[in-house]
Amino acid sequence: MPRASASRISVEEMAIGVLGKPTMQPSSREEQIRRTIAEINHCTDSGDYAGWVALFTEDGAFHMFGHSTVGHAALRAFIEADQPEHLR
């Protein structure tokens, strides 16, 4: 599936077209979303910053508490600062 090109990507869009990993196809959109959320959480918990960033398109954005972080470089800097090893 093609990647979403909008600068703001929804969880549903990530679940459908951004994971890019060969996995068993979920049976529903709801299951796709659940798997994507699980992948986000796993990457965050394990400190897999590259994996976390890879869940976004190159121009993808993460919106939290009124702040937006856009693009892979900014997303990497954000997740590294937000989830340092001593806090995981």
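A residue counts as buried when its relative accessible area is under 20%. Phe56 is at 4% in this predicted model, so Phe56 counts as buried. Trp52 is buried too, with a relative accessible area of 2%.

These two residues form a pair. The ring centres of Trp52 and Phe56 are 5.0 Å apart and the ring planes stand at 50°, so the pair is tilted. A second tilted pair joins Phe62 and Phe78, with centres 5.3 Å apart and planes at 40°. Phe62 sits in strand 1 and Phe78 in helix 4, so this pair ties together parts that are 16 residues apart in sequence. Phe78 is buried at 17%. Phe62 is partly exposed, at 24%. Together, Trp52, Phe56, Phe62 and Phe78 make one aromatic cluster. The structure holds 5 aromatic pairs.

Now look at the core. The largest nonpolar core has 10 residues, among them Trp52, Phe56 and Phe78. Helix 2 (29-46), helix 3 (49-54) and helix 4 (72-82) each supply at least two of its residues. Tyr49 is another member of this core.

Finally, turn to helix 4. Its buried residues are Leu75, Phe78 and Ile79. Seen down the helix axis, they fall within an arc of 90°, so they line one face of helix 4. They pack against helix 2, helix 3, strand 1 (61-64) and strand 2 (67-70). The face of helix 4 turned away from this buried side carries Ala73 and Ala81, which are exposed.

Methods:
Residues numbered from 1 in each chain as written. Predicted model: local features only at pLDDT ≥ 70, side-chain atom pairs only at ≥ 80, totals over all residues. Heavy atoms only, no water. Core = buried A, V, L, I, M, F, W, Y, C linked by side-chain atoms within 4.5 Å. Buried < 20%, exposed > 50% of the residue type's maximum accessible area, 1.4 Å probe, protein only. Helix = DSSP H or I, 4+ residues; strand = E, 2+ residues; numbered from the N terminus. Arc of directions from axis to C-beta. Contact = heavy atoms within 4.5 Å. Phe/Tyr/Trp six-rings, centres within 6.5 Å; stacked < 30°, edge-to-face > 60°.
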